[in-house]
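Okay, thanks for coming, everyone. Let me put the sequence and the structure up on the screen, and then I'll walk you through a few spots.

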Amino acid sequence: MAQSSVKQKKKNQAQGSDRDVNLSDPSLYVNRELSWLKFNERILEEARDKTNPLMERLKFLSITSSNLDEFFMVRVASLKDMVGAGYKGRELAGMNAEEQLAAVGEATHALVRSQYNTFNHMLVGALEAEGIELITDHALMTDSERSYADRYFDDNVYPVLTPMAVDSSRPFPLISNKSLNIAALLSSGEGRLLGNKANKDSMFATVQVPSGLPRFIELPESSGGPRRFILLEQIIAANVQRIFAGYKIVGTAMYRIMRNADFDLDEDEAADLLQEIEKQLKARQRGSAIRLEIENNGEKKLLRRLQTELGLDDDDIYVIDGPIDLTFLMKLYGIDGCDHLKEHSYNSPQPVPAFEGESNTFAVIRRGDVIMHHPYESFSPVVDFISQAAYDPDVLAIKQTLYRVSGNSPIIRALAKAADNGKQVTVLVELKARFDEENNIVWARMLERAGCHVIYGLVGLKTHSKITLVVRREADGIRRYVHMSTGNYNDSTAKLYTDVGMFTCSEQIGEDATAVFNMLSGYSEPRGWNKLSVAPLWLKDRFLQLIGREADNATAGRESGIIAKVNALCDPDIIRALYAASRAGVQIDLIVRGICSLKAGVPGVSDNIRVRSIVGNYLEHARIFYFCNDGKDEYYLASADWMPRNLERRVEILFPAEKPELKERLAHILDVQLRDTLKAHVMDPDGNYSRVDRRGKESLCAQLTFSEEARETASRNKDKVAAGRVFIPEKGQKWKA
């Protein structure tokens, strides 16, 4: 009786929820651009964290700079386009484009100040304490060092430089996107070429710092002294008089510009998508300027000249207190002799237990579904899977989607070899993978030359799913082997990004995989799916149904609960469904690496929702979903985040993990991440983040825990694994199961 009363109370609360609260109220949401900037601030915190090894702190600071570049080229550029077009629409948190641009500008200026505060007041001194000095002023060198730098300029730099003057006959040149440059203000001095035709104090010239040369140069080490490095632009600046011989240098300024790189393709009008993308890649270098970085002690007249020529507002100017473009710190991270300043607590990827001691990938998959947790476990089984299929005489076809691959991809080589061996190979290469377009064009052409059937996906949609299908003839008939993953088929990033992949030869998933590739390559739209859910037509509805079911269970007094691990959450419908589920009593834990437009812990709306973000040694990239389902636990993996672009404008796949041992593995991954107290940040009701309050809690780093567990598992099984297990056939050799 009492239980029925509780159920009825919850049911009444749920029924009245929509009347009590407007779930579309902008105050309940965080602007996605500002949320992303908070994520970059969390990365910056890692650079400021003195418990991290010094070189790792440099790496984190470099990442914040690289991230900010892409943010400007895409997100800020998009906002500027909307303002220019007069678009007045408002986003989820209630701001129009102009208001967003103002808020983003204020936040990014603060972030840049924090970056250089971190560099100048924390990292430079820490480097010097370790005997590494970064010289940012040519005048700080000794005579012998200056002589060495001048010789380096003469021998390596000067022949490459091309100074460009601006006058009535030479218009302002095209300054390449993200290039580092030195602007100079000249007077005629003894120069006769310009004579009296030009205003003696207004001659402008610029020279690009060569991107093909190392950004910093190590100077000869004095006996027992520190290692000293000087930036390339400082060597050029010290010799700028040589570049403009015969003219007086009134002043100089180091600068860099950012251009709009967010191009739109009219695929319906593009007769050849590949050629159209090649044109757009060139256009990126000519896109409108959106940001100017200039050194803080540069000639002020040059700043005004650059601002006028580039058509930039005051808010677009970033006066930099230090070296422009801190991405060079990633190169400094790689200098020799500094291993003791790096993180060594993490292991190299360990063998996947299911494949230990096995040379036949297909036999392993036939025994049961296999989950792999990268980078803690090796990506090699995925490469082996495709390599073995390329040589196996019983394999009839290989079909695969490629979004981002490595520069020297073994998977690409295997696919090419498979076509050469007479297999039917179909590869969807996503040409529209932002900033990987050029790389993917190269791979697409190479695969076509090898005899693969290369397709570019559906018009107007990016294919972001990660799936491989191998069709094999066996004694009992045709069998389909499938690999699906939350991450790309990239053997390089598989060592840096956390992802989960799964092998299966489930008949139902095999049928679905075939339907996916038929949909991508031809005019085929399945009436339904066995196990998979696919965007853009079915996946969002599936997520909403799963969330709604938990809300219904909670209202009815049944067991309920949701845990979701994603990279980003900003889809309005998903957020409103989560709010409604929270109000119905569903306990919801969200592990969101980056953008999160949902606010956690808002009274009466999201009291039952907790949000955390983990920033650590690896980039969190896996998408894992848990739904309690009244005690009948369901686990899913996906290529998609909870964003409109993933659910409505991309081809994405959600796939279930149904075996008890797979569910147990995913439950463990989620549990450890929810218990992280060292690298996790938790959201407050205002949308801000703070470190976990560790009082009364164990010190736990999820990534380090997974790394240690993988090592312990490999150690227990070391007697079972044969060294050199990776299948590499000799010339003419064929693989047989």
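I'll go through two helix pairs and then two single residues. Keep in mind that this is a predicted model.

So, helix pairs. Two packed helices are described by the angle between their axes and the distance between the axes, so that's what I'll give you for each pair.

Start with helix 2, residues 32-48, and helix 3, residues 54-84: the axes come within 8 Å and cross at roughly 165 degrees. Anything over 145 counts as roughly antiparallel, and therefore helix 2 and helix 3 are roughly antiparallel to each other. As for the handedness, helix 2 passes helix 3 in a left-handed crossing. Who's making the contact? On the helix 2 side you've got, among them, Trp 36, Leu 37, Phe 39, Ile 43 and Leu 44. Over on helix 3, the residues include Phe 60, Leu 61, Ile 63, Leu 68 and Phe 71. There are charged ones too, including Arg 32 and Glu 33 from helix 2, and Arg 57 and Arg 75 from helix 3. Sorted by class, that contact comes to 12 nonpolar, three polar and six charged residues.

Now the other pair. Helix 16 is residues 539-555, helix 17 is residues 572-584, and their axes come within 8 Å, crossing at roughly 10 degrees. That angle makes helix 16 roughly parallel to helix 17. Helix 16 brings in Lys 540, Phe 543, Leu 544, Ile 547, Ala 551, Ala 554 and Thr 555. From helix 17 we have Asp 573, Ile 574, Ala 577, Leu 578, Ala 581 and Ala 584. The class breakdown for this contact is 10 nonpolar, one polar and two charged residues.

On to the single residues. Asn 488 sits in the loop between strand 16 (477-485) and strand 17 (497-504). Is Asn 488 buried or exposed? Its relative accessible area is 12%, so it's buried. Its side chain has a polar contact of 2.6 Å with the side chain of Lys 466. If you skip residues up to four places away in sequence, Asn 488 touches Phe 379, Tyr 403, Arg 404 and, again, Lys 466.

Last one: Val 682, in strand 26, residues 680-683. This one counts as partly exposed, because its relative accessibility is 27%. Val 692 is 10 residues away along the chain, and the two C-alpha atoms are separated by 6.2 Å. Leaving out neighbours within four places in sequence, Val 682 is in contact with Val 611 and Arg 612, and also with Asn 688, Tyr 689, Ser 690, Arg 691 and Val 692.

That's my tour, over to you.

Definitions and conventions. Residues numbered from 1 in each chain as written. Predicted model: local features only at pLDDT ≥ 70, side-chain atom pairs only at ≥ 80, totals over all residues. Heavy atoms only, no water. Axes fitted to C-alpha atoms, helices over the stretch in contact; angles between N-to-C directions. Helix = DSSP H or I, 4+ residues; strand = E, 2+ residues; numbered from the N terminus. Parallel < 35°, antiparallel > 145°, perpendicular 65-115°, else oblique. Left-handed = near helix turned anticlockwise from the far one by under 90°. Contact = heavy atoms within 4.5 Å. Buried < 20%, exposed > 50% of the residue type's maximum accessible area, 1.4 Å probe, protein only. Polar contact = N/O pair within 3.5 Å; in protein donor to acceptor, adjacent residues only side chain to side chain.
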